[in-house]
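Please study the sequence and the structure before reading each solution.

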Amino acid sequence: MAGFDVVPEPLRDGGTRLAEAGDRFADAVETLEATLAGYGEPWGSGDLASLIGPAYRQTAEYIIGCLYVAADEMAIGGDDLVGMADAYEAVEDEVAQMFTSISGQLG
């Protein structure tokens, strides 16, 4: 592919930063989850509360779950970028060794 150039080190650095951001995001979601749990059930008791409580809990659990998935995907994506950088580097090293070997055989 013409004009296609991969520089492994910036790719690796970006992947590392993305994975770290995913980890920090997961920590923030955990803090949010603890904060929400700390509020208890502020809607009180009664007929209206019996409707609000379950809806709130289901919604909060769903959203928190989605946020954890997003954090995991960020971390996985970062790890994948690091792996991609390693793979590009390995291929470049292998090709360089093959050309060195061919050059040595040709004299």
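**Exercise 1.** Determine how the span of α1 compares with the expected span.

Solution. In this predicted model, α1 comprises 31 residues. From the first C-alpha to the last, α1 reaches 45 Å, which is close to the 45 Å expected at 1.5 Å a residue.

**Exercise 2.** Carry out the corresponding comparison for α2.

Solution. The number of residues in α2 is 60. Its first and last C-alpha atoms lie 89 Å apart, close to the expected 88 Å.

**Exercise 3.** Describe how the axes of α1 and α2 are arranged.

Solution. Two packed helices are described by the angle between their axes and the distance between the axes. First, the distance: the axes of α1 (residues 8-38) and α2 (residues 47-106) come within 8 Å. Next, the angle: they cross at roughly 165°. Angles over 145 degrees count as roughly antiparallel, and α1 and α2 are therefore roughly antiparallel to each other. Finally, the crossing is left-handed. The contact of α1 with α2 has 23 nonpolar, 5 polar and 8 charged residues.

**Exercise 4.** Identify which residues are buried in α1 and in α2, and state what packs against them.

Solution. Buried means under 20% relative accessible area. In α1, the buried residues are P8, R12, G15, A19, G22, A26 and V29, and these pack against α2. In α2, A49, G53, A60, I64, A71, A75, G78 and A85 are buried; what covers them includes α1. An α-helix has 3.6 residues a turn, so residues three or four places apart point the same way.

**Exercise 5.** State which residue with a positive phi comes just after α1, and which one follows α2.

Solution. Just after α1, G40 has a positive phi of about 70°. After α2 comes G107, with a positive phi near 85°.

Terms used: Residues are numbered from 1 along each chain as its sequence is written. This is a predicted model: local features need pLDDT of at least 70, side-chain atom pairs count only at pLDDT 80 or more; totals for chains, interfaces and linings use all residues. Side-chain values use heavy atoms; hydrogens and water are left out. Axes are lines fitted to C-alpha atoms, for helices over the stretch in contact, and angles run from 0 to 180 degrees between N-to-C directions. Helices (H or I, at least four residues) and strands (E, at least two) are DSSP runs, numbered from the N terminus. Angles under 35 degrees count as roughly parallel, over 145 as roughly antiparallel, 65 to 115 as roughly perpendicular and the rest as oblique. A crossing is left-handed if the near helix is turned anticlockwise from the far one by less than a right angle, and right-handed if clockwise. Ala, Val, Leu, Ile, Met, Phe, Trp, Tyr, Cys and Pro count as nonpolar, Asp, Glu, Lys and Arg as charged, and the others, Gly among them, as polar. The expected span of a helix is 1.5 Å times one less than its number of residues. Buried means under 20% relative accessible area, exposed over 50%, partly exposed in between (1.4 Å probe, protein chains only). Contact means heavy atoms within 4.5 Å.
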